[in-house]
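User: I have a structure to look at with you. Could you show it and then take my questions?
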Amino acid sequence: MHRACEVSCQAVKDKAEYVRRMFSAIADRYDLLNTLLSFHRDNYWRTCTVSSLDLKGDEVVLDVATGTGKLAHELQGKINGKGKVVGIDFCRKMLDIARIKKTSVELVLATSEKAPFPDNTFDCATIGFALRNVPDVERMLIETTRVVKMGGKVVCLEFSRPYHPLFKHIYRLYLFVILPLVGRVISGDKDAYIYLPRSIMEFYEPDQLQSIMQNSGLIDVCFQPLTCGVVAIHTGTKGS
């Protein structure tokens, strides 16, 4: 049992370090590639994610695994002087890119599995395109839920898989042939854009992620597919 735990812990560390190195390598071109490879739909997905929070403007919001801060900056656009947006990420280079944007988002270098905040700190939280990249999805969701106040929302924007049979085949061709080629040419990193399609195809189905969110202390969990199921927005509320 002890040996099995050691192997499991090492696997978690290995994945975390691999993901950190990968995002550090592509940080400079990350936003450009997201826009190109999503055919500019990434802006729409972020707008829908922020809209699902029904923000009044005075909330304190956490953006987990904020990366270059695009979702955090979208959130900041809905916040007035009484509110605040905090973004955390474990990749320093991604945060450096986020800081160039010079908004009032507070950026913190921290891991999503161990957020440096007391219980019930934030009115709500978002997680954008990050769940696939962590070694323990449930641990990340539990920790995010911990720092959100009772009755606050946790909203996850994540890649999914199209539900239309024909689009499914086209999407697989795009993921495994076109996307790695374009990603490699623009970023100069072939591994990152081989990892991306694999991580999408191996990730949970929306109903499976819904169950994990419920196990993490969230209630009234629902999901909304966007762009024929290419992504899904999962929304849950912190119960008592």
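Analyst: Let us begin with a term: a cavity is a set of grid points where a 1.4 Å probe fits but cannot get out. Please note that this is a predicted model.

User: How many cavities of 30 Å³ or more does that rule count?
Analyst: The count is one cavity of 30 Å³ or more. The largest cavity has a volume of about 30 Å³.

User: Which residues line the largest cavity?
Analyst: The lining consists of Glu158, Phe159, Ser160, Phe203, Tyr204, Glu205, Pro206, Leu209, Ala232 and His234. Two or more lining residues come from each of strand 5 (148–159), helix 9 (206–215) and strand 7 (231–238).

User: And how many of the lining residues are nonpolar, polar or charged?
Analyst: Six residues of this lining are nonpolar, two are polar and two are charged.

User: New topic: strand 1. Is it mostly covered or uncovered?
Analyst: Strand 1, residues 60–64, is mostly covered, with four of its five residues buried.

User: How many bridges join it to strand 2?
Analyst: Strand 1 and strand 2 (residues 84–89) are joined by five bridges and run parallel. Within this pairing, Val64 has Ile88 of strand 2 as its bridge partner.

User: What do those two strands make with helix 4?
Analyst: Strand 1, helix 4 (residues 70–76) and strand 2 form a right-handed β-α-β unit.

User: How many bridges join strand 1 to strand 4, then?
Analyst: Four bridges join strand 1 to strand 4 (residues 122–128), and these two strands also run parallel. Here Asp63 stands opposite Thr126 of strand 4.

Key
Residues are numbered from 1 along each chain as its sequence is written. This is a predicted model: local features need pLDDT of at least 70, side-chain atom pairs count only at pLDDT 80 or more; totals for chains, interfaces and linings use all residues. Side-chain values use heavy atoms; hydrogens and water are left out. Buried means under 20% relative accessible area, exposed over 50%, partly exposed in between (1.4 Å probe, protein chains only). Two strands pair if DSSP finds at least two bridges between them. A crossover is right-handed if, with the strands pointing away from the viewer, the path from the first strand over the helix to the second runs clockwise. On a 1 Å grid over the protein atoms alone, a cavity is a set of points where a 1.4 Å probe fits but cannot get out, and a pocket is an open set with protein on both sides within 12 Å along at least five of seven lines; lining residues have an atom within 4 Å of a point. Grid points are joined across faces, edges and corners, and a volume is the space filled by probe spheres set on the points. Ala, Val, Leu, Ile, Met, Phe, Trp, Tyr, Cys and Pro count as nonpolar, Asp, Glu, Lys and Arg as charged, and the others, Gly among them, as polar.
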